[in-house]
Amino acid sequence: MTSALDIVEVQVRDGHVTLEQAYVYCWFHPHDATVVYVGATWLHPAARAELHLHGSDPEVRVVGDWLARAGIDATTPMRVLAFRVPSSLDRQAARIDLIGALAQEGWLSDDYGGPFPEVPRQQERTPVSAWTATVIAFLREQAV
């Protein structure tokens, strides 16, 4: 007799849990769907989201602190989208490139709480990768 097993293997690298897959993720404002934070992680995006809301380290709990500063109740539903970063790209470079593209599109919240690289004028800006263009195209389709 065989039974179906649902197995999850967790990898630990350098003393930290990892999926061995990088993600860049966007938190969307609960009222106007602008982007309030863009992050990059090796953790599962759901685990990273939990840390952003309830982590004990203020440098990690950035979204929970942003909610408090914005006067938004922590129980307000929020949307988070995470995008796998190809292994050929550096996750932090992909993150910064996406932030620049989101700013160019006018999709960053007025009270955006993440890193904000200097964004060149539209005609001077060239994405690091086709990945960024694919993410932006997806978000356009989603009517962000």
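Trainee: Which strand holds Val17?
Mentor: A quick heads-up that we're looking at a predicted model. In it, the stretch covering residues 16–18 is a strand, and Val17 has its place there. That's strand 2.

Trainee: Is Val17 buried, partly exposed or exposed?
Mentor: Buried would need under 20% relative accessible area, and exposed would need over 50%. Val17 comes in at 46% relative accessibility, so it counts as partly exposed.

Trainee: Let's zoom out. What pattern does the protein follow along the sequence?
Mentor: The secondary structure comes to four helices and five strands. Reading along the sequence, you get β-β-β-β-α-α-β-α-α.

Trainee: In what order do the three strands of the open sheet stand?
Mentor: Strand 4 (35–41) and strand 5 (79–84) each have a single partner strand, so they stand at the edges, with one side of each left without a neighbour in the sheet. Neighbouring strands here are turned by 20 degrees against each other on average, ignoring direction. The pairing is antiparallel, and the order is 4-3-5.

Trainee: Which residue in strand 4 stands opposite Tyr25?
Mentor: Strand 3 covers residues 23–28, and it pairs with strand 4 in the antiparallel sense over six bridges. Look across from Tyr25 to strand 4 and you'll find Gly39.

Trainee: At what angle does helix 3 run to strand 4?
Mentor: Helix 3 takes in residues 91–105 and lies across strand 3 and strand 4. Its angle to strand 4 is about 165 degrees.

Trainee: How many salt bridges does a search of the whole structure find?
Mentor: Side chains of opposite charge can pair when their charged atoms come close. Asp65 and Arg61 do this with 3.0 Å from N to O, and Glu105 and Arg140 with 2.4 Å from N to O. The search of the whole structure gives two.

Trainee: How many residues apart in sequence are the parts that Glu105 and Arg140 tie together?
Mentor: The side chains of Glu105 and Arg140 meet in a salt bridge. Glu105 lies in helix 3 and Arg140 in helix 4 (residues 130–141), so the pair ties together parts whose separation in sequence is 35 residues.

Trainee: And Asp65 with Arg61: are these two buried, partly exposed or exposed?
Mentor: Under 20% would be buried and over 50% exposed. Asp65 has a relative accessible area of 24%, which makes it partly exposed. Arg61, at 21%, is likewise partly exposed.

Trainee: What about Trp66, buried or exposed?
Mentor: Trp66 is found in helix 2, residues 62–70. Leaving out residues up to four places away in sequence, it touches His29, Pro30, Val36, Ile72, Met78, Asp111 and Gly113. The relative accessibility of Trp66 is 3%, and the cut-off is under 20%, so Trp66 counts as buried.

Trainee: How far apart in space are Trp66 and Leu53?
Mentor: In sequence, Trp66 and Leu53 are 13 residues apart. Going from C-alpha to C-alpha, the distance in space is 9.3 Å.

Trainee: Last one: what share of the protein's residues is buried?
Mentor: The protein exposes about 8800 Å², and carbon and sulfur atoms supply 52% of that. There are 144 residues in the protein, and the buried share is 36%.

Terms used: Residues numbered from 1 in each chain as written. Predicted model: local features only at pLDDT ≥ 70, side-chain atom pairs only at ≥ 80, totals over all residues. Heavy atoms only, no water. Helix = DSSP H or I, 4+ residues; strand = E, 2+ residues; numbered from the N terminus. Buried < 20%, exposed > 50% of the residue type's maximum accessible area, 1.4 Å probe, protein only. Pairing = 2+ DSSP bridges. Axes fitted to C-alpha atoms, helices over the stretch in contact; angles between N-to-C directions. Contact = heavy atoms within 4.5 Å. Salt bridge = Lys/Arg side-chain N within 4 Å of Asp/Glu carboxyl O. Areas by Shrake-Rupley, 256 points an atom, 1.4 Å probe, with all protein chains shown as cover.
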